[in-house]
Amino acid sequence: MHNKLTKPHAIIFDWDNTLADTWIIIHQALNNTFNTFNLPEWSLEETKERVALSMRDAFPKLFGENVIKAREIYYQSYLEHSKNLYQLFAHAREMLEFAKNKNILLAVVSNKNGPILRKEVAALNLNQYFHNIIGSMDAEFDKPYPHPVYKALELSDITAGEHVWFIGDTIVDMECAHRANLTPIYYGVINDPSVLAPFNPQASIKSHQELIKLIDSAY
């Protein structure tokens, strides 16, 4: 699934499990929240399959009238478990440096709570790489709507189009890229690639070393 790609003027990244390895933290926080309300726990694989929407879109369906309390419990648990646990994927910093040296504008668009997202980016000393860091609630709607993409490109001379790559690890990321008319690139391994077909990802990569090569091949 590798086509000749348009040279990127900008690259927008998802955060969780695209740049940063956070599955275990998310999984633990979710199950702690489920336990509070006597709901069945998810396996790690179920968490990976089901987590993609933002909390404001997903939690009302999961917790109904308990949604406000569930948010509080999840955030508390996430922050307790996240200390010193989240980390960058191998070669991610090298990839960001490579892209920066190509004068590519970089941004993050995540469905994670905005302040928590920016705290994590700062803790990993990555602020200098990103033009904008957009999380849930920072735009009118979260992914898969295109609004956070437009927010990420604000105060730049770049508009949405195929010259903007969007890299993420979920169907929601690919749908967001498709809706914003960006170049979708899937990161990671997916059991059934056919589910991505409606969003026409232009490449699929499994590591940041592969991404470095993909960026280089567009020049």
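User: Let's start with burial. What share of the 219 residues of the protein chain counts as buried?

Analyst: Burial is read from relative accessible area, with under 20% taken as buried. In this predicted model, 51% of the 219 residues in the protein chain fall in that class.

User: How do I read the radius of gyration of the protein chain against a compact globule?

Analyst: Compare it with what the chain length predicts. For 219 residues a compact globule would sit near 17 Å, and the protein chain has 17 Å, so the two agree. For the outline, the C-alpha trace spans about 55 × 35 × 30 Å along its principal axes.

User: How many helices and strands are there, and what part of the contacts links residues 24 or more positions apart?

Analyst: The protein chain has nine helices and eight strands. Taking contacts with a separation of 6 or more, 65% join residues 24 or more positions apart.

User: Now a helix pair. At what angle do H3 and H4 pack, and which residues meet?

Analyst: Start with the axes, then look at the side chains. H3 (residues 55–63) and H4 (residues 67–82) pack at about 115 degrees, with axes 9 Å apart, and H3 passes H4 in a right-handed crossing. From H3, Met-55, Arg-56, Phe-59, Pro-60 and Phe-63 meet Val-67, Ala-70, Arg-71, Tyr-74 and Tyr-75 of H4. That contact splits into eight nonpolar residues, two charged and no polar.

How values were computed:
Residues are numbered from 1 along each chain as its sequence is written. This is a predicted model: local features need pLDDT of at least 70, side-chain atom pairs count only at pLDDT 80 or more; totals for chains, interfaces and linings use all residues. Side-chain values use heavy atoms; hydrogens and water are left out. Axes are lines fitted to C-alpha atoms, for helices over the stretch in contact, and angles run from 0 to 180 degrees between N-to-C directions. Helices (H or I, at least four residues) and strands (E, at least two) are DSSP runs, numbered from the N terminus. A crossing is left-handed if the near helix is turned anticlockwise from the far one by less than a right angle, and right-handed if clockwise. Contact means heavy atoms within 4.5 Å. Ala, Val, Leu, Ile, Met, Phe, Trp, Tyr, Cys and Pro count as nonpolar, Asp, Glu, Lys and Arg as charged, and the others, Gly among them, as polar. The radius of gyration is taken over C-alpha atoms; the globule rule is 2.2 Å times the number of residues to the power 0.38. Buried means under 20% relative accessible area, exposed over 50%, partly exposed in between (1.4 Å probe, protein chains only).
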